[in-house]
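Biologist: I have a few questions about this structure. Could we take them in turn?

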Amino acid sequence: MQVQSGIAPIGRVEWGTHFCHFYKSAADLAETLVPFFKAGLESNERCLWVTAAPLGKEQARAALNGHVSGLDRRIASGQIAIYDHAEWYARHGGGDPKAIAQLWVDTTEEALRRGYRGLRITGNTAFLDSGSWDGFIDYESYLREAFEGQRLLALCSYDAERCDADAVLDVVHAHDFALARRRGAWEVVEHASVKRSREALESLNTELEQRIEARTRELSGALAHQRMMTAELSHRVKNTIASVQALVDRSLRGGGSFEDARATIRGRLFALARVHDLLAAADWHGVGLRELLEAVLAPYNGRIRRAVDEVWLNPRAALGLAMMAHELATNAAKYGALSGREGGVAVLAEAAAGEPSTLELSWRETGGPRVERPGREGFGTRLIRRIATHDLRGECELAFDRAGLACTVRVPVREILATATACPHGSLH
Amino acid sequence: MAASIRQAPGRALLVEDELLVAVHVEELLEQVGYVRVAIAARVEEALVALAAGPDPTVAVLDVNLAGEQSWPVARECRRRGIPWVFVTGYLESHAAVPADLAGAVLLAKPLGREELAAGLARAAAASEPGGR
């Protein structure tokens, strides 16, 4: 969770950040610390300012007064406390690093209990001398861990004039990052490991965002597919109802008995239903020719021998070929080889290479009664011819041989093949 | 009515995307006297068939063809002076005919032979000069 530091080159930082700045003058200090506290006070945070020369308690208060409204009231209510270093040290100092760190954590929790959003502190380290330096840097390093995850923001001030190169490195190492004013411009110095983890975090964030984006794309793609499938399904339902209407209508006007019509309707609906079952089981991507013929010709099992090359059919071809096989089989059962006890049928399906490659399907009846060409083309025959020539763009020969009916259908494989990415749309038309 | 149609046999263009329905209507068309029936399943296919000629005597247009409507085919029929009828399924009876095609003969599925013959006769009468 982030908090506004109030310092322009830094902007928002994580709660628990422990950072420092190098100053050369009282003006530098005021320029950094005034906006820091202004941001805290205006977002209802508790603030603690431990001052030292050259910006002592009174100067700090004066500097802040011009920028924050109701400062006296805020001091009276305890939202902000400004201490002189000696004053603060007398009250809280002298403990070991752990005890002082715990004091900050306790103060933060108290601030939260009192309704503040968090605690913002700053301390000037001008009081340090060479004898206390190492111990203090250890304490600073310890704070970095202690503050992690706390609703606390800590900014430490170091006098640039009093830090040699070693000291600067110590300070930078002990904080999350350091802020320095060089030639009139702000510069942020990050400890390499911090920088690395920040970079790692950023790249993790980027990766996460990319993943979210990819997942969102996936989901909206799936949603679009779903919508397309729904539209397709509604189209299919309408077409299926129209087909059933036509079948029923045609079967009833066929001129035969009511019993005949009933058997015809049942047979045709059964064949349609079987194809729908198979297609639905494969999400309307397609169905194998062998499985299709087995399903449609199941009622005549044993009397129809099959030698079938496997072809993965698109839904349109599956429906067409199923209706075709059904019409041939019922015709055979009524008038042809399957009407008596002796006859049989041989079904061959052979995919032949070539340009374009074709699938040749042949239906040969033998052993049935002597066949004669009917006077007028029936609905079944007409359906077979239209499916082959119109729907599947192939050709169809119906030979009423004396030995039995022979039907040969040749269709281009590209018309009947389901593709891997088969969009079910455009298939049943 | 059917008798008068039989006296003028001819070619029919049938635009229908559902094969079972197409075969059924093709049979009906033959029964009312259209000896040659061309079937198109899509708008594009129908327009190609019309452009290739010769002009059919009548056209039977299913309104909804796999997501597209057969209005462009109807306009082409009108331009060529070919009488046509629209056919809609009961699920699509709300199909809104565009203003420029209003007044066209609209038949409901399932089609019967008599309705089809009567509808075609009305369309033929309307396409005479002074008609539609």
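**A contact between the chains**

Modeller: This is a predicted model. In it, a polar atom of the side chain of H390(A) lies 3.4 Å from the backbone oxygen of I39(B).

Biologist: Is H390(A) buried or exposed?

Modeller: H390(A) sits in helix α12 of chain A, residues 379-391. Its relative accessible area is 12%. Buried means under 20%, so H390(A) counts as buried.

Biologist: How many residues apart in sequence are A154(A) and S5(A)?

Modeller: A154(A) belongs to strand β7 of chain A, which covers residues 152-159. With a relative accessible area of 3%, A154(A) is buried. From C-alpha to C-alpha, A154(A) and S5(A) are 9.9 Å apart in space, while their separation in sequence is 149 residues.

Biologist: What percentage of the residues in chain B is buried?

Modeller: Chain B contains five helices and seven strands. Read from the N terminus, their order is α-β-α-β-α-β-β-β-α-β-β-α. Of the 132 residues in chain B, the buried share is 54%.

Definitions and conventions
Residues are numbered from 1 along each chain as its sequence is written. Chains are lettered from A and ligands numbered from 1 in the order in which they are written. This is a predicted model: local features need pLDDT of at least 70, side-chain atom pairs count only at pLDDT 80 or more; totals for chains, interfaces and linings use all residues. Side-chain values use heavy atoms; hydrogens and water are left out. Helices (H or I, at least four residues) and strands (E, at least two) are DSSP runs, numbered from the N terminus. Buried means under 20% relative accessible area, exposed over 50%, partly exposed in between (1.4 Å probe, protein chains only). A polar contact is a pair of N or O atoms within 3.5 Å; within protein, one must be able to donate a hydrogen and the other to accept it, and residues adjacent in sequence count only if both atoms are side-chain atoms.
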